[in-house]
Amino acid sequence: MPQFFASTARGLVEPLELELKELGLKVTDRYIGGVFFESNWEGCYKANLHSRLASRILKPVLDFTAYQPEELYSQILRHDFTKYIKPNQTISIDASVNESKMRDQRFVAMKVKDAIVDQFREKFGVRPDVDNTNPDLRIHVRAIKNQFNIAIDTSGDSLFKRGYRKEVGEAPLKENLAAGLLRLSEWDRQSPLVDFMCGSGTFLIEAAMMSMNIAPGINRKGFGFQNWLNYEEETWEKVIQEAMDAEKEELDFKFYGFDIDKRVLMNAKDNAKRAGVDEVIEFKKESVATVEPPVEKGLIIVNPPYGARIGDEDNLRDVYRDLSFTMKHRFKGWDAWILSGNKELIADLKLKSTRKHFVFNGNIECRFLKYSMF
């Protein structure tokens with residue numbers, strides 16, 4: 001049975017493992033950056049289409065030790081890369097090297113590329129071109145302490161690119177991270193969510209897609225495996241049809257997004273429409289200082305600015321104080337989850353959290369904190 005690796009953001013490995021098991025996939029191991037699972041190619045297609053938390057689904061093909069360029073070149077030749085694409089198609093090499101004798105990532109990528117294109121040249125007399133923007137076959141090279149792991153990328157573009165988000169706010173939250181945080185919050189998928197600072201609407205759109213059972217990859221233009229010679233079109237069409245048949249037509253509750261920026265709200269509405277969930281999300285221009293409960297009970301989830309990329313930290317203290325006041329005085333009896341990458345600003349809430357998760361939003365280490373409003 002083929003083995004695959006689903007990569008994800010740091011902090012989301014456990015919920016990703018649970019998600020893959022729910023998809024009926026056999027998890028074999030866990031790693032700091034993701035989860036290994038065994039499956040046939042139908043399972044690979046299903047993981048690409050349905051995983052809300054994964055960044056990519058990779059197919060490991062080689063694992064070896066190399067200290068010299070000649071060793072790297074000869075080890076790459078052990079695997080037949082010509083079975084994936086035609087020689088007139090394109091490739092790209094993504095290399096990451098740490099604590100290894102060959103330190104230059106660009107050199108490593110070049111050496112791997114040389115070995116692969118030489119395979120094609122020897123077999124067909126022609127070689128594939130390199131296309132770093134939209135290649136037919138992406139090869140991932142990871143080296144730590146001279147131990148090399150080579151994998152082919154079945155996803156193509158990263159899976160967080162769902163296809164519904166054209167316009168984003170100034171500091172967008174990646175879709176798979178938003179979905180992962182919703183998993184960590186243990187939200188039941190059957191009750192309202194409220195976001196006081198919804199930005200481009202990512203939390204609400206991801207939540208609505210979860211509740212309506214809309215596969216996160218259903219709006220994408222395509223996946224990497226569709227460019228390959230072993231692509232099973234009938235199997236893929238079966239996976240797509242099953243996903244569409246499982247979608248819900250409507251919900252008996254809604255999602256509510258507020259933001260002070262009218263332009264951003266317009267973008268959020270457009271994003272929700274492209275995702276097919278605009279009927280279940282209500283957006284309203286409102287300051288966090290004046291938000292009132294839109295329903296009797298629900299869950300609050302907010303990603304306020306951290307001061308790392310937007311404005312000045314001092315200017316945000318009032319925002320956090322307003323957030324705290326609104327939750328304490330207008331949302332009594334509610335639970336709230338706040339994502340923050342700034343310990344000083346989160347202290348301005350002057351609230352005691354009851355749960356805490358550490359996650360990374362890009363390269364920013366964040367705390368995802370639960371607060372209960374009594």
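**View 1. The start of helix α8, where Asp261 meets Arg263.** At the beginning of α8, the backbone nitrogen of Arg263 has a side-chain oxygen of Asp261 within 2.9 Å. Please keep in mind that this is a predicted model, in which local features need pLDDT of at least 70 and side-chain atom pairs count only at pLDDT 80 or more, while totals for chains, interfaces and linings use all residues. Residues are numbered from 1 along each chain as its sequence is written, and side-chain values use heavy atoms, with hydrogens and water left out.

**View 2. Helix α8 along its length and around its axis.** Helices (H or I, at least four residues) and strands (E, at least two) are DSSP runs, numbered from the N terminus. Helix α8 covers residues 262-275, and its 14 residues should span 20 Å at 1.5 Å a residue, which agrees with the 20 Å between its end C-alpha atoms; the expected span is 1.5 Å times one less than the number of residues. Its buried residues are Val264, Leu265, Asn267, Ala268, Asn271, Ala272 and Ala275. Here buried means under 20% relative accessible area, exposed over 50%, and partly exposed in between (1.4 Å probe, protein chains only). Viewed down the axis of α8, these buried residues fall within an arc of 160°, so they line one face of the helix; the arc is that of the directions from the helix axis to the C-beta atoms. Lys262, Arg263 and Lys273 are exposed residues on the face turned away from that buried side. The cover over the buried residues includes α6, β10 (255-259) and β11 (281-285). After α8 comes Gly276, with a positive phi near 80°.

**View 3. An aromatic cluster that includes Trp41, Tyr84 and Trp228.** Phe4, Phe37, Trp41, Phe81, Tyr84 and Trp228 make up one aromatic cluster, and the structure holds 21 aromatic pairs. Rings of Phe, Tyr and Trp (its six-membered ring) pair if their centres lie within 6.5 Å; planes under 30 degrees apart count as stacked, over 60 as edge-to-face and the rest as tilted. Trp41 and Trp228 form an edge-to-face pair, at 6.1 Å centre to centre and 85° between the planes. Trp41 belongs to helix α2 (residues 41-50) and Trp228 to the loop between α6 (202-211) and α7 (233-245), so this pair ties together parts that are 187 residues apart in sequence. Trp41 is buried, at a relative accessible area of 16%, and Trp228 is buried at 4%. Tyr84 and Trp228 have ring centres 5.6 Å apart and planes at 55°, so their pair is tilted. Tyr84 sits in the loop between α3 (69-76) and β5 (90-98), so its pairing with Trp228 ties together parts that are 144 residues apart in sequence.

**View 4. Charges over the rings of Phe4 and Phe223.** Lys59 lies over the face of Phe4, 5.9 Å from the ring centre. The charged end of Arg220 sits over the ring of Phe223, at 4.5 Å from its centre. A charge sits over a ring if NZ of Lys or CZ of Arg is within 6 Å of the ring centre and within 35 degrees of the ring normal.

**View 5. Arg183 and Leu184 in helix α5.** Arg183 is found in α5 (residues 175-184) and is buried, with a relative accessible area of 16%. Leaving aside neighbours within four places in sequence, the contacts of Arg183 (heavy atoms within 4.5 Å) are Pro15, Leu18, Glu19, Glu22, Leu53, Arg189 and Met210. Leu184 is buried too, at 10% relative accessibility. Not counting residues up to four places away in sequence, Leu184 touches residues including Gly11, Trp337, His357 and Phe368.

Key. Polar contact = N/O pair within 3.5 Å; in protein donor to acceptor, adjacent residues only side chain to side chain.
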